[in-house]
Structures are given as C-alpha cells and as structure tokens.
Amino acid sequence: MKQKALITGVTGQDGSYLAELLLDKGYEVFGFVRRTSGGPPEPVEDMHLTRGLQYIHGNLRDLHTIRRAMEEVRPDEVYNLAAQSHVGISFECPEETWEINYYGVGRVVNEALRANPAVRIYQASTSEMFGDTPPPQNEHSPFRPVSPYAESKLRAHEDFIQGYRTLRGVFACSGILFNHESPRRGRQFVTRKITISLAKIKLGLQDVLELGNLNAKRDWGYAKDYVKAMYLMLQQPVPDDFVIASGEEHSVRDFVNAAAACLDMRIRWEGEGEHEVGKDEKGNVIIRVNPKFYRPKEVNHLRGDASHARQALGWAPTLDFSGLVELMVHSDYDVLKRGA
C-alpha cells in the first residue's frame, strides 16, 4: 500500500518541490489548498504537478475543512508548509499572521493526530526565530524573535512540535530552515524581485529597481535541496529538530552584484544609506534604496550551522550561492525574453 502524504501550502515554492519529490518516491500525495473565487488553485510558475497530485480544498483558519481533509486522507505523513510567510507583511497584519502561523498549526497537528495517532508531522519553522542571536545559529542557539512572523512561528514550534513530542510522544519535527530560493520563489520576496527586475532592465522593460536594506545578510540556499531535508526528517527512527542551511552569509547587495554579473551587467555603487544608488556602465541609476521597504525591526545577520542535519540525515546542499543566483536569473531572463 502506498504511503499517503498531505501537504499544506502545496502551491508554494517548497510545496511544489516536495510534492514532486514524494510523487517520484511513489507516495499518494494530497495538496491542501484554499479555494478562491477565481476557481481551482493556481500553482507557482513552472510547476508541473497536475499528474498524480490530488487537491483537497480547505483553509488553516477553518477547523472543519482541516478535520474533513485528515479524515478523508488519514495521512501517514503531514507536511505543514502553509503560512503567512512574508516577514514585512506580518508587521502590517499581525493578527492574521498569528491566526495562520500559530493557531492554524495547532489545528493541523491536532486533527492529523485525531485521524491517525501514528502520523509523522513536519512543521516548517524558520531561521527568523533566532532574531538578533549572533551567527552561526544551530539547534542550541537561543531564539530572539523580532517580528510577528518569527514570534508566531516560535510559539508553534515550542507548543505544537517540541511540546507534543516531549509530553505526548508525537512524531513531530521542525525544520528550522534558513532562506531558500528558486525560480519558483514568490515575486514579492527580495531575491526573486532582484532577478526579475534586473532581467527586465537588461531587456529594456524596466528602468529602476527599488530595494530596502542592502546590508542585511542572509544564508541563502536552494529550495529543492531543502525539501529533501524535510522528507529525510520524517524517515528517521526518532523525531528531532534540524537547522537546514548553507553555512554561508551574503548581503542583499552581494545578491544584486551576483545577479547583475550573470547578465553581463556591472553595477557601480555610490552614496550611503538611503541615498545609495547603483549605476550601470553608462552612468544611469538602475537601483535605488527606498525606505518604505525597510522592516520596522531588521534581522541583520543570519547564518546557519547544519552540522546536525549533515550527520544525522546525511543531508548536504547541492547548489552553492553563485549557482543558485545563476539558476534564478537565467530562468527569469529566458521567460521574459521569449515574451518580449
């Protein structure tokens, strides 16, 4: 009999790669998705999941739909990837963020256990929970969240994953994933915003790219690598939490420079702070800093130590920073060029 997996957030970047991985491994895969007025769920760009993936409509705010989905599927594995996942928006919509990222997790975990007490549960946690803790951060580093997004994720991690595992013996794992990107990353996130905008500038479709804090540093990896770690966590004999990261730290400015180099563009930086600009070889300003993109509270340095995952899971990334940037840039450039 096939293993059954239910994935919330299946139409996102991580959900799409994970569904493909599980389908390739012979799983029966169910995607829990919100119904919209526009009809069936819209998958992320370049997502090929129609063959084999079964959709179930529901909402992390709606207990009835979660219960119905769990009773219908009775999954062996649940991967909870759905979230209000934009840190900046969490400051604007804190109640919605808590409703989905905390209470929604509780609903998913409780209903999964109700349908199958032996279920294995993966929760998508986040490096943002570390906040201003100095890098490198690992499973034993203190959590110091500085955003509603990070606070809600931390509470869910402590209450429904660590708490249930310790007090009730539930097989529940948290993947404390550092930033992970791909050509399927949502366009509202800074990395994809950079690759799309620079490709448009190269093709003459856009004049200027506006960004926030150029000095913020992140540990960026490839999403397709990171979903393999999610799967491996639920195959272990004992549940645990794992930091998944590349171990390298790069600034937003570094990402811009690397993306521009992939397009044979050279950027010259001038000025400081809010007045810093990036100019092309002709002296045209193509990058500006816009304070409206600053976070109310910034996390300046995130760099993970994934030694535990390497040793316990045998996991390691396959794509480095430069390869990731190149993959994303050429994907966006090729799509835009065909449509230009």
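## Exercise 1: An arginine over a ring

Arginine 185 lies over the face of phenylalanine 189, 3.8 Å from the ring centre. Keep in mind that this is a predicted model. Work out where arginine 185 lies, whether arginine 185 is buried or exposed, and which residues arginine 185 is in contact with beyond its neighbours within four places in sequence.

*Solution.* 
- Step 1: find the spot. Arginine 185 is in the loop between strand E7 (180-181) and helix H6 (190-202).
- Step 2: check the cover. Relative accessibility is 16% for arginine 185, and buried means under 20%, so arginine 185 counts as buried.
- Step 3: list the contacts. Setting aside neighbours within four places in sequence, arginine 185 touches Gln13, His180, Thr191 and Arg192.

## Exercise 2: Following the pairings

Take E2 and trace how E2 pairs with E1 and with E3. Then do likewise for E5 and E6.

*Solution.* 
- Step 1: start with E1 and E2. They pair in parallel over five bridges, and isoleucine 7 faces glycine 31 in E2.
- Step 2: follow the chain. From E1 the path goes through H1 to E2, making a right-handed β-α-β crossover.
- Step 3: move on to E3. E2 and E3 run parallel, joined by five bridges, and valine 29 has leucine 53 in E3 as its bridge partner.
- Step 4: check how covered E2 is. Five of the six residues in E2 are buried, which leaves the strand mostly covered.
- Step 5: jump to strand E5 (residues 120-126) and strand E6 (residues 171-177). Seven bridges pair them in the parallel sense; tyrosine 122 has cysteine 173 in E6 as its bridge partner.

## Exercise 3: Sorting aromatic pairs

The model holds 13 aromatic pairs. Is the pair of tyrosine 102 and phenylalanine 160 stacked or tilted? And how about tryptophan 220 and phenylalanine 321: stacked or tilted?

*Solution.* 
- Step 1: take tyrosine 102 and phenylalanine 160. The centres are 5.0 Å apart and the planes make 40°, a tilted pair.
- Step 2: Tyrosine 102 belongs to helix H4 (residues 94-115) and phenylalanine 160 to helix H5 (residues 148-168), so the pair ties together parts 58 residues apart in sequence.
- Step 3: check burial. Tyrosine 102 is buried at 8% relative accessibility, and phenylalanine 160 is buried at 11%.
- Step 4: look around this pair. Ring pairs join Trp98, Tyr102, Tyr103, Phe160 and Tyr164 into a cluster, and the charged end of arginine 155 sits over the ring of tyrosine 102, 4.7 Å from its centre.
- Step 5: turn to tryptophan 220 and phenylalanine 321. With centres 6.2 Å apart and planes at 25°, this pair is stacked, because planes under 30 degrees apart count as stacked.
- Step 6: Tryptophan 220 is in the loop between strand E9 (217-218) and strand E10 (221-222), while phenylalanine 321 is in helix H10 (residues 321-339), 101 residues apart.
- Step 7: check burial again. Tryptophan 220 is buried at 4%, and phenylalanine 321 at 9% is buried too.

## Exercise 4: The four-stranded sheet

Describe the open sheet of four strands and find the helices that lie across its strands.

*Solution.* 
- Step 1: order the strands. They go E8-E15-E14-E13, with mixed pairing.
- Step 2: find the edges. Strand E8 (209-211) and strand E13 (268-270) each have a single partner strand, so one side of each has no neighbour in the sheet.
- Step 3: zoom in on E13 and strand E14 (residues 277-279). They pair in the antiparallel sense over three bridges, and arginine 268 stands opposite lysine 279 in E14.
- Step 4: H6 lies across E8 and strand E15 (285-289), at about 160° to E8. Helix H8 (residues 252-262) lies across E8, E13 and E15, at about 150° to E13.

Terms used: Residues numbered from 1 in each chain as written. Predicted model: local features only at pLDDT ≥ 70, side-chain atom pairs only at ≥ 80, totals over all residues. Heavy atoms only, no water. Pairing = 2+ DSSP bridges. Helix = DSSP H or I, 4+ residues; strand = E, 2+ residues; numbered from the N terminus. Phe/Tyr/Trp six-rings, centres within 6.5 Å; stacked < 30°, edge-to-face > 60°. Buried < 20%, exposed > 50% of the residue type's maximum accessible area, 1.4 Å probe, protein only. Lys NZ or Arg CZ within 6 Å of the ring centre and 35° of its normal. Right-handed = clockwise from strand over helix to strand, strands pointing away. Contact = heavy atoms within 4.5 Å. Axes fitted to C-alpha atoms, helices over the stretch in contact; angles between N-to-C directions.
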